[in-house]
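Student: I would like to go through a structure step by step. Can we take one feature at a time?

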Amino acid sequence: MKKRWGITLVVLAISAMLTACGGDDKNTITFWTPLTGEDGSYMDQLVKEYNDTNPEIKVKHVITSDMYTKISTVLNSGKGVPDLAIIHADRVPGFVRQGVLEPMTAVMEAQPELKEDNYLPQAWTTGNIDGVQYTVPLDIHSNVMYYNKDLLQKYNAESFLDDNVVTIDEMLSLQGKLEEGDYVVNDALLGWVIMAQIQNLGGDIQENGQPAVNTEAMKQAFLEVKKIADAGLMTPFGEDGYLMFQAGNVLFSTDGTWSSTAHASVEGLNFDVTNIYSTSADKFTNRASSHLFAMLKNDNRTDEKEQGIGEFLEFIRQNSMEWAKAGQIVASKQVIENPEYENYIQSFFTSNEDEIKSLYIYTYEYYPYVAEAVDTYAADIVRGNVDLDETLQTMQKFVEDKIAEGNTQGE
Amino acid sequence: MSNQVLNNTGAEVQIKSPVQQPLQGKRFPISQYIAYLFLTVLCVIWIIPVIFGITTSFRSQAEVVSTGFRLLPVNWILDNYVTILNNTSTAPILRWLVNSIFIATTHTALVIVIISITGYGYARMNFKGRDTLFFTLLGISFFPGVVNLIPSYKIIDAFGWVNTAWAMIIPGLAGMGNIFLVRQFMKGIPKDLDESAKVDGAGDFRIYFSVILPLIKPVLIVCGLFSFTGSWNDFLWPVIVYTDVDKMPVTAGLLLLQDIYGNYRLIGQLMGSAILAIIPTLLLFLFAQKYFVQSINLNAGIKG
Amino acid sequence: MNRKSFAPIFFVGPHFILFIIFICLPTIYGIYASFTKWNLINDPVWVGLDNYRTILSDTSSTFYTQFFNGLKNTLIFVGLSVPILIALPLMIAVALEHKQVKLKGFIQAVLYIPGLISISAAALIWLLIFNKQLGITGNVFGSETVWAANQPYAWIIIIVITVWGGVGGNMIIYRASISGVSKELYESAEMDGAGPIRRFTSITLPSIRFPLIYTFVMTTAGAFNVFGQPLMMTDGGPRQSTTVLMMYIRQLAFGHGESIAGMASAMAVLLGLVILVISALQYYVMNRNAS
């Protein structure tokens, strides 16, 4: 009995050793993405198609569920840094300040078509810090508003969509008209909705580089959204409003472009998409982010590899129709101008100039802290659990304290 | 409160002998009925969510979000499992299961060796500073490891173990929890057992192997179960040390099924994969539970 | 005699080396980091006791508020969950000792399985059960409350999922311990007329006192490190009343903005000290009573 255990152990140990060896990086571009779920499969397909063109250096796609922590560990140890990665728009200013991003200059020189004119403007410029281009965009993924066609018809609310802006007043007009258990809107991605209202109200989250959270615009944004909750039209606090929309009990759902595939898998859910509701009929904003190709600082990245990365990015620019399947708004104009793209529900957001403009990406360098503050407190404010003025002060302090701590080169 | 209960018993054991008043007639097995009732109620409460989870893996998303709480699906579907098992490129779940079995088995085998030897050292041997050393190590291990993963990664990297099973197998051997448990068990074994073995001329290794080891088999099996389950369920560390999807253990792999904002939206699929993932540990438990409640005859241990 | 002095090195040495490399070094680094400003990527910048001063005495600071709110909530969680996680498994183990109880293996398995299910799947199951529209609480018991968003229900659902997933571990420790107690001891006690309660207090408890100390200390230490259950069940709400310290620490270190790892480490070290003091007290009190 004991002998057998010993033998098993030895065999196991040897097989572990074998798996430890092998795999060299000289002739592959290691490409990290945070694209879990189905998105990863679409990106896998794109990478496979690229590798099928027999490029000199092939791309190896690595999906990680906790990419930013992983990036910290490899940057800190200096080994195993990927050649290419997809990062989110709000990470760019921080990474540039920490000096961990390589400019795309050489890649752009080698591939002249990788330029601003060929991409949605805000997706491109979000990677530009002080005149240096650090990223090439893959997509814009935005907060959008799904609506249940059948419910809209039932409650005679189809007219809300006429001007493409559903206003808070329009929503409030349904007060008292809903059957029990039905709601006008859910609270999915509530923080993003608040960030959109700040734009609709003409405000911002910074003033001369200083965070501006405790502002009139922020207060107004919360008060307006709170009206919906106060009227009992928002799905109850703590309930999963996303599931309630899929169950057909909610007219509008404020979630992400990427949810369209999941909604489509729900049999009998008759839905379409429009802009996030607004405080006024004159302006609408969809708070967005972007997946961006970026190169983390890595001394071992050869010029040949940079050439290869350029070729890969150019391939993506021309062929990323596959990415539209993930529900995202593709950033390459060549793709979105292709008639085939109109088959995708999110083409709504690139159908005209106003729609394109509505996709708003915050580029303030401390945006992540502001977003964290808004996400932490939004639900309690909108549900009236806390005092608004006091909480706005707390949020302002929250962001300022975090900025003061993060600023390592100060002192 | 619980401490107080212990307080009383501690005193009672010393003061009163178990000899009590004579029987008051034939005893009704009331306690037995209470025990049965208690266990039945508990089992029902415990099993309902499990059944609900299992049957949810046979439901469509539309059914999950629209029908109220029902133990059984209206329409049984296999789609969730078909989808899970068909995705062999970004989520090869069967491959992950094999990896996990390899990692957890190797880790557990080594843990059992290490903890029984080390536990013996701290519980039954006499050396200077023994308890101080033990409690120092235990104390250090109580510090929550948050940013520690950066230096841990560097150490693994220095050994060349990044993206290999060693990164999962070896560091966990340093843990103190199981050693603490083994030590506590060994302390409960009467000292005269090894004293008499020593009189017979047995050395420490001999006593460890033939006297103590047979006696702590139940707790070693319990520790083995814990190590196996712990290694199986760890998801923070493997995400950091693995890059190849094919090499990942299953719990880390399942994280790749969540959507990009960290939510599991396809509920049936999540349930299906979670259920596939527990089957091996469950089988191990069913196998092991025969052994950890084995009653041990203290007298038999001496002969070895 | 000579040989004997080397024997302890053989027994505790291998683990000691592993411990130094894989636990001690990273922990020391974590403690070092608590005296720095650090974003996890660049080199840490030494700031002395600044982080501790901010956390412990700067009452206007966000970090002060977070630390004490988080610690308070963690203590509530420990206070609610640990007694149940000790008492309930012990009751189960004792009930299972009855000779006449059938299906022991089945009962044990049912109680152990939840601990194997991943926390995200478990959380989804329970959230559906507690869902007002779809779940049991709404449909069967007619509860109108949204549990995750109101106290004390928010704590209740966190404790329910914790206990559901957590009794199995301690249960099998107690099972293994009680099975080591000699059957003759019980039989002679029974012949002497000792009832079940007396047998429990005068034979079972004293016989398993050492494993009992273990479960107390380790269950408490584990409860202090909780973050998965509140994160998944309530996301720390309502009004951050279930945001435990580990959630704040993890958000500081691995949140969306630039990492504030120095401050996070300082909070982790302070949490470690709290765990240390409490478990030392537990050990001391219980060990003294046991011997």
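Student: Among contacts in chain B between residues at least 6 apart in sequence, what percentage join residues at least 24 apart?

Tutor: This is a predicted model. In chain B, 70% of those contacts link residues at least 24 apart in sequence.

Student: How many helices and how many strands does chain B have?

Tutor: Chain B has 16 helices and 0 strands.

Student: What share of the residues in chain B is buried?

Tutor: Of the 304 residues in chain B, 56% are buried. The accessible surface of the chain is about 13,200 Å², and carbon and sulfur atoms hold 64% of that area.

Student: Now the interface. How much area do chain B and chain C bury between them?

Tutor: The size of an interface is often expressed as the accessible area lost when the parts come together. Here chain B and chain C bury about 9,600 Å² between them, with 78% of it on carbon and sulfur atoms. In chain B, the residues that lose the most area to chain C are B:Trp46, B:Phe142 and B:Phe143, together 8% of what that side buries.

Student: How many residues does each chain bring to the contact?

Tutor: Chain B brings 109 residues and chain C brings 109 residues.

Student: How many salt bridges and how many residue pairs in polar contact does the rule find across this interface?

Tutor: The rule finds 0 salt bridges between chain B and chain C, and 8 residue pairs in polar contact, both residues at pLDDT 80 or more.

Student: Which helix of chain B gives the most to the side that touches chain C?

Tutor: Helix 2 (residues 30–56) does, with 16 residues. By class, the side of chain B that touches chain C has 73 nonpolar, 31 polar and 5 charged residues.

Key: Residues numbered from 1 in each chain as written. Chains lettered and ligands numbered in written order. Predicted model: local features only at pLDDT ≥ 70, side-chain atom pairs only at ≥ 80, totals over all residues. Heavy atoms only, no water. Helix = DSSP H or I, 4+ residues; strand = E, 2+ residues; numbered from the N terminus. Buried < 20%, exposed > 50% of the residue type's maximum accessible area, 1.4 Å probe, protein only. Contact = heavy atoms within 4.5 Å. Areas by Shrake-Rupley, 256 points an atom, 1.4 Å probe, with all protein chains shown as cover. Buried area = accessible area lost by both parts, 1.4 Å probe. Salt bridge = Lys/Arg side-chain N within 4 Å of Asp/Glu carboxyl O. Polar contact = N/O pair within 3.5 Å; in protein donor to acceptor, adjacent residues only side chain to side chain. Nonpolar A, V, L, I, M, F, W, Y, C, P; charged D, E, K, R; others polar.
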